[in-house]
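Please keep the sequence and the 3D view at hand.

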Amino acid sequence: MMTNRFLILVPILFPLLCGLAVAFAPALQAGSRRRPFVLFSLGGTFLSTICVLLLLRGHSLHLCDLAPSIELRFAVDEITCFFAGLGSFMWLMSGIFSMEYMQHETNHTRFYAFFLMGEASMLGVTLSANYPTLYLCFEWMTLLTLPLVFHIQSEESIQAGIKYLLYSFAGAFAGLMGIPFLAKYGTTLNFVHGGVLDPLLTEGHEGLLLAVAFAAILGFGAKTGLFPLHAWLPAAHPVAPAPASALLSGVVTKAGVIAILRVIYYLFGAQFLAGTWVQTALLTISLLTVFMGSSMAFRENIFKKRLAYSTVSQVSYILFGIFLMNDTALEGSLLHVLCHSLAKGGIFLCAGTIIYKTDKTDVRQLRGIGKEMPVVLWCFTLCSLALVGIPPMSGFMSKWYLALGSLENGFPVISWLGPVILLISAILTAGYLLPITIHGFFPGADFDYSTLVKKDPTLWILVPLLILTTLAAFTLFPQPFMALVENTTEAIIGGMLS
Amino acid sequence: MNLVQNFPFFCIMLYLAGGVTCCVLTPKASRAVCIGLNLLVTALMAAALAFTVRSGESYVYLMGHFPAPWGNEIRIGPLETLMGTAFPLVMTLTLLGGMDHIFEDVEEDKINLYFTVVNLLMVSMLALVLTNDIFTGYVFVEINTIASCALVMLKYKSGKALVATTRYLIMSLLGSGLFLIGIIILYNITGHLLMEPMREKIHELYLSGNYAFPLTVTVGLFAVGLSLKSALWPFSAWLPDAHASATAASSGILSGLVIKSYMILLLKIFYRVLGMEVVLSTGVLNVLFVFGIGAMLFGSLHALQERDIKRMLAYSSVAQAGYIFAGFGLGTAEGVLAGCIQILVHAVTKPMLFSAAGGFMTVSGGSRQFSDLHGAGRRDILSGIAFTVGALSMIGIPLFAGFATKLVLTRASLATAGWKCVAALSAIVLSTVLNALYYIPAVALLFDKREAVHISGVKAQPSAVYVLSLTVFMALNFFVGLRSSLLTCILEAGLNVFS
Amino acid sequence: MKLFLILPILLPMAAGALSAWLPLPSPKKRDGFIACAVILNSLLILLLILLKPSGILTLLHLTDSIVLSLRLDGLSVVFLGLIGFLWPLASFYAFEYMEHEENLPRFFAFYTMSYGITAGVALSANLITMYFFYELLTLVTVPLVAHEEDHRAMRAARKYILYSIGGAALSFVGIMMLYSRAGAKDYIFGGFAPVGEVDSYLLIAYLLTFIGFGVKAAIFPLHGWLPSAGVAPTPVTALLHAVAVVKSGVFASIRSTWFAFGPELLFGTWAQHAALFLSAFTILFGSAMALREQHWKRRLAYSTVSNLSYILFGSCLMTSAGLSAALSHMLFHGIMKITLFFCAGTVLCKTGREYVPQTEGLGRKMPLTFATYLIAGLALTGTPLLPGYISKTNLLTAAAQLNDPYALFGIVSLLLSALLTAAYLLPMSVRAYIVPEGSSLSFTEKDRDPGLRMLIPFGILILAMVIFGVHSGPLMDALSTLVHG
């Protein structure tokens, strides 16, 4: 069957149009009709994404030119396959969760409209086949997810939203710097394995290009919470409604990861960057972020803010692996992408449920919560274990690979410092996640049991939670995931570097 | 000898005769004689101009058949005839423009004296432009002084005018005195009074090195004396009072013509009597240049502060005179050309501005204060338009006369090198801005919709001659602005044969 | 045929002057008269652009060598196209805006006359002709700046005169310096200055001209008149000080760089570096000042200061890529900035609110106005799918082509400025729509969207932005052909 290349755009256009419909169609203003429509959109997006990934792998589409040198290109390659499926799946889960969660919020129309349009932009990032398209989808992703951040319209959330906006833009503009220089020193702006730099042209200008690459990576790193542009994350994730926080932590940060992967492996090329000061600096910064994020999370008492700092830390694990530029480390990173998305998504949904049902936002208030909402807290526990990296949970495998990759690399200090920091951070992670579980189930002898009320949520919330938890613990069925990760890594690195 | 070549001499005689006649005629008759005479002289001098331009030479004309060195001579070339044509023309227009005010301001029985004085003024100016004999120059300088003082003074019952006249007289006589001393010294040294012989003698003396100090002193005396009379800053303190207190026509004549005649005389003395080498050796040109720049700036700075329209225009004259001296002070032929062009440009612009000011005063109850002149331009549209044209010319907008000066002076400055170039260019830039800063608000005020409360704003009923005068002035302004190359050609030819 | 070149200049001048003199019975009739004249002139311009008459129309000889003449070349087409498109929109906007103002005949007379004079700037065939129209432009816009006739307006007008005439005088000296070496020639693409050894005299002349014209283009430190001129009625600030007057300054600068002095003479010299540095610095400076400024129109004025230097920067790169990038920004910025000013003006006119903090929550009451403002703000920041992104990318790419530290400084400035632009435009849009619950804001019934005469220009401008943002290929190609002679 001849598949039309324009179908590549379906995962983007479908949620976009659905989102616009939610915003403007009068027939959908009623909640009773809106909810099924949203679920239909999310499900449809997920299915169409899977179809596109399966059927159109390897195809690309040159959509149009905004200007003579600014082309819009989309393609389905290995990164797309890995991230698009994950992203649309998470979005679906979060959407199901939101059906009940959003009962206690207002402005549903606005929320769901941007919820759907944000998904479109995220999928656009995964499907981008060249630098300008990536930049376009990246910028629009910021703009379309912004209303989710300030949704509750408190002064704090508006300020958090503005912070999100400006930090993201700062990062995006730094990321934009790459385009003019690659236009001059590269052969094309499309993503090509191994990079697009023309060795003849770059002769003598390496210093400049390294600086540009560094700036671009730090810029895109803003979305991932990489130091120094991380400050928006602890501000924005807590104030957003739980379904949005889950996606911000779980998926939107990965968009930044995609951008960084593209910059390193498909634009500048790992060979150009490996062994240079840029690599050393990036490794240092990512380790710094890992440590800093965990420490801040450990000290933080507001529940969602603690989780936000945790994201800052965890995503930098992923970046650490990417910056090591060898296949073991990259496998570890990709594994951790899966693990973190699923587990952190689950954790945020749990936190959201707790807050929704009990209005308790501070960790210290959560004693005995296990008695009130046992299922939820069990899911929380399992996801936490996954994240901490206790074997045989998924997090353990990813960290193992990361440590191995680091040692393999032979960097002077970092190769052993990396695993050390990862270990310390794992301990800290346990320190900030597990006590919640412990105090939740075993509040202690002096606790007043009479205040407890059973408050388990409905199926709308429970089903996605359970699914995520199960997947987060996927070591029980590692094969399909490992195969996926290995294939992807192979495709990205392709044996170029040892 | 062509008939035409006699014309300049005729003109001088005609004016003398006219002056005498006007003494005994009635006001209206003397007016007719004066105007008629001026028109006639314009025509005669125009013919002479055509002649000299075609022949491209200057010739000497003996007056009274007494040979040198006792007799009197005038010298006629393109430059002289051009000035000689322009001056009576401007005089006619100025008189026509200010005629109503003359009849208002001057006492009934003194009006014919006014026109007498005008005729005497014209003869002296013409003589200064044409003379080839330095003592004759002095004689007519004195006549000029007295006539101009009379012009200022002949304002009915104005105490201010008397004070201004006295000041003017004293300063002017000081200037003439210095000039006379200079002549005496030169006569002592050279033994001649005619310009060419003097020049030869001075050249000899310069080469031999004798009398170097007296020569330098004479240069200084001439420079200071004539600068005083042409209102070069910082010798210009007398000008604002004098020009502002006089009646509109007088202000125009004084600003536009009288001070220019002294400048031409100075030019003659420097180039035809003393000669380039002597002048350059003294460095007097540098001094004049600096004062010229100073005038351009300080004149406009003072004008910025003025609240009286005529005083503002008077200070503007000081500034515009600065352009001329800056041009002369550059020391090159192009610089002198720039100065001469500015003489013409200013001569056609400033009298128009003064006439328009007179018109504004009429429709604003006779007041000269800006606070009373709000909306005067709407009440008297023609004056308003004329004032705007004059203002744009002063700022130096292309199409208007003032742009010609800017163009030539800039070119001349660029051709010089060194500090003079930078100073002149900076002064041109600053002066343009300063001019804009007081002329544009003035125009805005004159066209303001809100009128001053206590003025009974009357609509203007200008007489036919007034309308004619302003219209021709504006046409002249555009003529100079658009046909400046014609004028520069004539001036260049004139300067070539000047000395 | 080339006689037609004088028409776009004369028609608005005559119409403007007549509109003040003729006893038109009612404001509506006068509005109609002006509308007809402006639309007619824009159609005339369109006709000229399509017919492309070649040849030089000599108007007057000022001296033997200095001639006032007109010609239509590629660059004229760009500028004429911009003003021809925007002037009718601005006039309609002005009709509604000025309803509650006084002295309308005078206002519309000068407003329309400046259309003709700006066309004169665009059509000039040499430096002196352009200088002439440039001075006239100052003179004819002074009454517009001073329109309110209060203290602020008079002070702003005086400042405007001082800066503008001073700048023009400086350029005049620079022009005469060039003429003394090269002769009084007409514009030639690539310049007509004698190229040979590096000549300080000509470089100084260029710098004087650059600074002189840079006054109208609001380059640091000569930008001071522009924020003060914000006191003028919004149609004036929007059209003249965001489009016509300031773009004349930029246009004049491009003419002197590319068509008089020439990149061959200037490339790589200290004069080019000075110009690049000044423009790159102004890019940052303007954006930073805009962020600090709380008065809405002054904030937009500082934004203009910054954006004009984008154009100057591109032009001073002295490459054809730089020039086409600069021209693309000249066009796009005109459209974006005029939209922003229109929105601010609408709010000011309808509700009297002048300061940014006063716009909190107003988006609910004036949704269309603020939606337009949001779109234009996103466009100016450089969001893809809107035109600002395209011109910024072009500028960055052109700058990266040079191996020049000054160009690099410019790239960094541009990116920082983009961030600052986001900071001074977008948060206020957010706060206009999203108000924290429990805050006390009061609105009156005056706080609502304007009528069609303002909304239609909004719509047209948004449409233009979207079209150019998504499909500017043909335009860019046209600009490159122009740029290659």
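Between which chains are the most contacts found, among the 2 pairs of chains that touch? The points below begin with the answer.

1. The most contacts are between chains A and C; two residues are in contact if their C-beta atoms, placed from the backbone, lie within 7 Å. Chains A and B do not touch, and their nearest C-alpha atoms are 42 Å apart.

2. This is a predicted model, in which local features need pLDDT of at least 70 and side-chain atom pairs count only at pLDDT 80 or more, while totals for chains, interfaces and linings use all residues. Residues are numbered from 1 along each chain as its sequence is written, and chains are lettered from A and ligands numbered from 1 in the order in which they are written.

3. The contact between chains A and C takes 29 residues from chain A and 28 residues from chain C. On the chain A side, strand E1 (60–67) and helices H5 (131–149), H6 (155–176) and H7 (178–185) each supply at least two residues. Helices (H or I, at least four residues) and strands (E, at least two) are DSSP runs, numbered from the N terminus. H6(A) gives the largest share of this side, 11 residues.

4. The side of chain A that touches chain C consists of 21 nonpolar, 4 polar and 4 charged residues. Here Ala, Val, Leu, Ile, Met, Phe, Trp, Tyr, Cys and Pro count as nonpolar, Asp, Glu, Lys and Arg as charged, and the others, Gly among them, as polar.

5. Chain C also meets chain B: 22 residues of chain C are in contact with 19 residues of chain B. Helices H5 (127–145) and H6 (151–182) of chain C each supply at least two residues of the chain C side, and the largest share, 11 residues, comes from H6(C). By class, this side of chain C has 15 nonpolar, 4 polar and 3 charged residues.

6. Chain C has 19 helices and 2 strands. Of its 485 residues, 64% count as buried, that is, 20 or more other C-beta atoms lie within 10 Å of the residue's own, with C-beta atoms placed from the backbone.

7. In chain A, all 27 of the 27 residues of H11(A) are buried. A kink of about 40 degrees in H11(A) is centred on A:Leu248, where the bend is the angle between axes fitted to the seven residues ending at a residue and the seven starting there. After H11(A) comes A:Gly269, with a positive phi near 90 degrees.

How values were computed
A residue is buried if 20 or more other C-beta atoms lie within 10 Å of its own, exposed if 12 or fewer, and partly exposed in between; C-beta atoms are placed from the backbone.
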